[in-house]
Amino acid sequence: MKIVVTSIFVQDQDKALEFYTKKLGFVKKEDVPVGEFRWLTLVSPDDLDGTEILLEPNDNPAAKDYQKKIFTDGIPATMFGVEDIYKEYKGLIAKDVRFTMEPTEMGEITMAVFDDTCGNLIQIVQK
C-alpha cells in the first residue's frame, strides 16, 4: 500500500486553489465537478505522479468543527517537507504568507508554521 491522496479541509476551493498554486507552487492535477463541489487535487511540481493533495470542502459540520478546533489549538492540518526551510520561509514571507511560527530547530529537524488563509495551519519541515 502507498498513500496516493491526502486531503485538507478548506473553506473555499477556489481561494485554496489560488493560495496553494500561486503562493506555494503546487500544480493542479485533477479538477472534476462532483455535485456542487469539485474533486480538486494538487501535486508537487517536482513529483507530478506523487501523492496528491485533495482540497476538500469543509461543508460537513464535523469537518468544520474539526478544522476550527485544530486551528484554534494551533495544530497544523498537515506537514510539507522542504529542502531549505530558511529559503522557503523568506520566499513565502515575500509572498505575504503569514507565519505563526518562524523556523525553529527541534532536535534533528527545523520547522515553521503558516496560515493557509483557508482555515488551516500548515507546517513545513526540513530534516
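## Second largest pocket

The second largest pocket of this predicted model has a volume of about 220 Å³. A pocket is an open set of points, on a 1 Å grid over the protein atoms alone, where a 1.4 Å probe fits, with protein on both sides within 12 Å along at least five of seven lines; lining residues have an atom within 4 Å of a point. Grid points are joined across faces, edges and corners, and the volume is the space filled by probe spheres set on them.

Residues lining the second largest pocket include Thr-6, Phe-26, Asp-47, Thr-78, Met-79 and Phe-80. Strand E5 (78-81) contributes the most to this lining, with three residues. Strands (E, at least two residues) and helices (H or I, at least four) are DSSP runs, numbered from the N terminus. By class, the lining comprises five nonpolar, five polar and one charged residue. Here Ala, Val, Leu, Ile, Met, Phe, Trp, Tyr, Cys and Pro count as nonpolar, Asp, Glu, Lys and Arg as charged, and the others, Gly among them, as polar.

## Largest pocket

The largest pocket has a volume of about 390 Å³. Of its 16 lining residues, Leu-24, Phe-26, Gly-81, Val-82 and Glu-88 lie nearest the centre.

Beyond its neighbours within four places in sequence, Phe-99 is in contact (heavy atoms within 4.5 Å) with residues including Tyr-89, Leu-92, Phe-114 and Ile-124.

## Salt bridges

The structure holds five salt bridges, each a side-chain nitrogen of Lys or Arg within 4 Å of a carboxyl oxygen of Asp or Glu. Asp-31 pairs with Lys-28 (3.4 Å, N to O) and with Arg-38 (2.8 Å, N to O). Salt bridges that share partners join Asp-14, Lys-28, Asp-31 and Arg-38 into one network.

## Basis of the values

Residues are numbered from 1 along each chain as its sequence is written. Local features need pLDDT of at least 70 and side-chain atom pairs pLDDT 80 or more, whereas totals for chains, interfaces and linings use all residues; side-chain values use heavy atoms, without hydrogens and water.
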